[in-house]
2 protein chains.
Amino acid sequence: MKRLSLDEAKILLEKCRASLKQVDMTRGRPSKQQLEIGMRMLVRAGELDYTYAGGDARNYGDMKGIPAARELFAEVFGVSKENVVVLDGSSLSIMYRLVANAMDFGVMGCNPWREQGRVKFLCPAPGYDRHFAICEEFGIDMVTVPMLADGPDMDMIERLVEEDASVKGVWCVPKYSNPTGIVFSDSTVKRFAALKPAAKDFRIFWDNAYIVHSLTGEQHHLENIFDAAKKFGSEDMVYELTSTSKITFAGSGIAALAASEGNIADFISHLQFEMINPNKVNQVMHAAYLKDVDNITRIMGEHAALLRPKFELVDRRLFEAFGRDCPDVKWTRPLGGYFISLDVNGVAARVGELTKYAGVKFTKVGATYPYGKDPHNSNIRIAPSIPSLEELDFAMDALISAIAIALEE
Amino acid sequence: MKRLSLDEAKILLEKCRASLKQVDMTRGRPSKQQLEIGMRMLVRAGELDYTYAGGDARNYGDMKGIPAARELFAEVFGVSKENVVVLDGSSLSIMYRLVANAMDFGVMGCNPWREQGRVKFLCPAPGYDRHFAICEEFGIDMVTVPMLADGPDMDMIERLVEEDASVKGVWCVPKYSNPTGIVFSDSTVKRFAALKPAAKDFRIFWDNAYIVHSLTGEQHHLENIFDAAKKFGSEDMVYELTSTSKITFAGSGIAALAASEGNIADFISHLQFEMINPNKVNQVMHAAYLKDVDNITRIMGEHAALLRPKFELVDRRLFEAFGRDCPDVKWTRPLGGYFISLDVNGVAARVGELTKYAGVKFTKVGATYPYGKDPHNSNIRIAPSIPSLEELDFAMDALISAIAIALEE
């Protein structure tokens, strides 16, 4: 470990700026090499059979997705095919629709949220800014819940969900959480499944975006929330989501919802006004390419091989600069997902300014908290996937010198 | 012409039923042969370059669609690229979103429709049932406007739009209208563009679903509504839509919105909460395959060659049975699109029952009118695209005998 002096840090930062390099690490985007993996899917597109028992993927019909795609995600989620709907693009779109439907039409026969006065969502933070943005769009109040090492503060969640009928939802990224990278413990998952909400139309948005996104090759265990929910008869309380954005193509893949039969019927009862069917041609391509969970695991191993050195470089550079015991500089060492969560005791905004000056952009400071306001001005989300190792090394020069300067100031 | 006697008709209908054949003509779906045309697009999918200046179609970004797809639809619509957004699947989804946004957030700074008391849409009828269904979903009152030979009754539209601020929209399929097949006259288009609505947030939903869907090879003229609107400064009043559902793959193609810069900005201001980008990989494939309007015209010629004999068969069989001057049996002879609109003076429901009995399903009688209620019980939408010529001949046996029986009863 070699902590830079203020002078050394200033010299390094100016050197970064003078190089005129620009690195953008604002979002968790796959790199070009990762995108090339998915080309194997497109190469075969012309040879595939787009028909199946009861349908033709190229024609109208099958609003819930083609059978093969529903079966694939059923295996990924560990639920039955009847509980899966496969749509286009991103799980974000499905979550937006679920919230919009709840606001305008109500959840499974309940009154629309819009007619129930102010409603609230619980927002474990640091968390995913696009979850929080959906709340802002619909005027849903956000309550920040601290994110701990094994999941959100469940004492707080239990109290709020079970006492306050205006609490209608909670956002979760239960595996390789965005941005802290943690996996929810079995106990956390069980406590979610055991919730007895005051509101009948309370829903857990279980955004399992990184369900197969191990960085180490090892498959880390996350308790199946629907298995847990079965024991408490609480299956209606859960919407689980995922997509192939970081398996095939970002935003051009397919996305899936797992939910109880009642929730699926409720969702489809509105979806039928919006679309005749999702892009089923894309679903045939994905089902043929991804095949099953074993094969997805192999593909994700290829992604991990490209991503791991980048995560290791960030960790090594931070360790060399600050060690593991620096009280002012703490960061996560995720086993999967797309982010390293860095906490720089009260100087995140200043660090953001300085790195931007040096040519390196991180996710907007504060974005990982509701309303974009980090109460401790501490959290920085590092998304190391898209830069090359060389660019990343440069970005770490900027980051490390910026932290050193900001802490000294 | 040979009109069947009641006895002959009954015998023919029973013969149809006894054959146990089933023909489904409920929707305007492309046939398998038509879908095969689009396979040329997929065969090339592995060879295409998915990168472009400023982006990679396989990664996040470009919420408005890739430049090549926006340019393509700009040419199709006859507008500038800046006025085009290209999204997934169907124009239905875009229209649903536009209405949902207007209800919940308001149009370009106006109060949400939801907060303005009951709002109304004008519904030229017979028209497209899925337009009417969106109104039902959002509790928008529908006002039926008669569809004439050159477009909707514009006297009525002008009066309602200009006098009533609760009138917020009008549905139109201006070219090869669904289901009557007519093309709006220049005068109709100009009168639309010249509307001076009482409501600032009134919008024309110009669903140009069949913009390139000639059945004859001839390209029939529809006045460009944005050109007309320019003269009146009314560009903000128009949303124009189309998709490739009947050019490439139904529901698995791409769809586009053309609108003023203000409307596009308004639309995107909400879309950004729902998605990061549409399926741009599919857009690259479509742009490379469709190329330009000339090439689309050639492709549509291939579709027309498959569709035309089916439309001709329906026309010939109806003509042989009822002639052109039968007051009780009138039908359209469309130059494009997917439908023949048949009027059977007051007996449509009975005809529907009888054909169903014989094994042939048409679009639910009444569906072409708001609330599914045809005031004259007269209109039947014939969608001849999907059955083979042989199946269609059988379906016409059933239809003709059913009409003959229903009219005699």
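**Reading sheets and a chain contact**

Student: How many bridges join strand S5 (residues 120-125) of chain B to strand S6 (residues 141-148) of chain B?

Tutor: In this predicted model, six bridges join S5 to S6 of chain B, and the two strands run parallel. Two strands count as paired once there are at least two bridges between them. Within S6(B), B:Met142 is the bridge partner of B:Phe121.

Student: In what order do the strands of the chain B sheet lie?

Tutor: The eight strands form an open sheet with mixed pairing, in the order S4-S11-S10-S9-S8-S5-S6-S7. Its edge strands, S4 (84-88) and S7 (151-152) of chain B, each pair on one side only. Helix H5 (residues 91-105) of chain B packs on this sheet, touching S4, S9, S10 and S11, and its direction makes about 155° with that of S10(B).

Student: Which strands form the open sheet of three strands in chain A?

Tutor: That sheet has the order S12-S13-S15, with antiparallel pairing, and S12 (329-331) and S15 (379-382) of chain A are its edge strands. The twist averages 20° from one strand to the next. S12(A) and S13 (residues 340-344) of chain A share three bridges, and A:Trp331 stands opposite A:Leu342 in S13(A). Helix H12 (residues 293-322) of chain A packs on the sheet, its direction making about 160° with that of S12(A).

Student: How many residues does each chain bring to the contact?

Tutor: The size of an interface is often given as accessible area lost when the parts come together. Here the residue counts are 42 from chain A and 41 from chain B. On the side of chain A that touches chain B, the largest share, five residues, comes from H5(A), and by class that side has 20 nonpolar, 12 polar and 10 charged residues.

Conventions: Residues numbered from 1 in each chain as written. Chains lettered and ligands numbered in written order. Predicted model: local features only at pLDDT ≥ 70, side-chain atom pairs only at ≥ 80, totals over all residues. Helix = DSSP H or I, 4+ residues; strand = E, 2+ residues; numbered from the N terminus. Contact = placed C-beta atoms within 7 Å. Axes fitted to C-alpha atoms, helices over the stretch in contact; angles between N-to-C directions. Nonpolar A, V, L, I, M, F, W, Y, C, P; charged D, E, K, R; others polar.
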